[in-house]
Amino acid sequence: MSSIAETIHKLHTELPPDVTLVAVSKFHPVAAVVEAYRAGQRVFGESRPQELLSKVLALRESASASGNPESYSDIRWHFIGHLQTNKLKMVLPYVSMVESVDSLHLLQAIDRWGSGNGKTTDVLLEYHIASEETKQGFSADEIREILFSGTQYSHVRIRGLMGMATFTDNESVIREDFSRLVTLRDRLLPEAGRHPNLHGGFGQLSFGMTHDYKIAVSMGADIVRIGTLIFGERNY
């Protein structure tokens, strides 16, 4: 059994059944995705539109060549990086969720694309919880404005929030960052179902990566995004 398969099996055993593991395959070859898939992994995360599209097409071609067009059809792709609006057509037809909606401009563009292409996209709003100013995301007030404003997004389902903690080994800092994410979600939940953009399916939280996913799970993460632990260091 490969190290990828061993790690996938370990994580599937370790994580609670209600926590979704996103295997972050960005910067890793299609062969690594196939190894993880054969080990039972079905949700993968990508952060670059061209790379996502190339992997989708490569897997389709491989399935067709093998005579089994259903192979890999149950993969659920999550887009987890900064998404430019001119790259939507490379991403939205293929993903089950965009976790990294970090601007009103992007949210509006996804909604317009969905209207024109007959698809409603599940998204998470990225909440800027880290101390680094270079990280993307909304403030808490901006998130409230999106959810409670009169503007309705008919081709977007806002399923919850995503966040990335400050990059540090200080566990107390990480917990403080994650706590802000959990607290905001919990304050919004009582209003779920009462506003067009805050429907009853709202409430998912995506936080935690290779170095801090155990903390995230202990604090109630619904989705964890793990790459290096599964696939090793990135192949840039």
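E99 is placed in strand β4, which spans residues 95-101; the structure in which it is seen here is a predicted model. Because its relative accessibility is 0%, and buried means under 20%, E99 counts as buried. The side chain of E99 makes a polar contact with the side chain of H78, at 2.7 Å.

K26, by comparison, is found in the loop between β1 (20-24) and α2 (30-38). An unreviewed UniProt entry carries the annotation "modified residue: N6-(pyridoxal phosphate)lysine", and this annotation covers K26. With 16% relative accessibility, K26 falls under the 20% limit and therefore counts as buried. Leaving out neighbours within four places in sequence, K26 is in contact with G45, E46, S47, E51, K55 and R234.

D177 belongs to helix α7, which covers residues 171-188. Its relative accessibility is 3%, so D177 counts as buried. Apart from residues up to four places away in sequence, D177 touches I129, A130, A165 and T166. D177 and I8 are separated by 169 residues in sequence, and their C-alpha atoms lie 27 Å apart in space.

The table sets out the accessibility of these residues.

| Residue | Relative accessibility and class |
|---|---|
| E99 | 0%, buried |
| K26 | 16%, buried |
| D177 | 3%, buried |

Technical notes. Residues are numbered from 1 along each chain as its sequence is written. This is a predicted model: local features need pLDDT of at least 70, side-chain atom pairs count only at pLDDT 80 or more; totals for chains, interfaces and linings use all residues. Side-chain values use heavy atoms; hydrogens and water are left out. Helices (H or I, at least four residues) and strands (E, at least two) are DSSP runs, numbered from the N terminus. Buried means under 20% relative accessible area, exposed over 50%, partly exposed in between (1.4 Å probe, protein chains only). A polar contact is a pair of N or O atoms within 3.5 Å; within protein, one must be able to donate a hydrogen and the other to accept it, and residues adjacent in sequence count only if both atoms are side-chain atoms. UniProt positions are given in the numbering used here, feature names are shortened, and annotations may be inferred rather than shown by experiment. Contact means heavy atoms within 4.5 Å.
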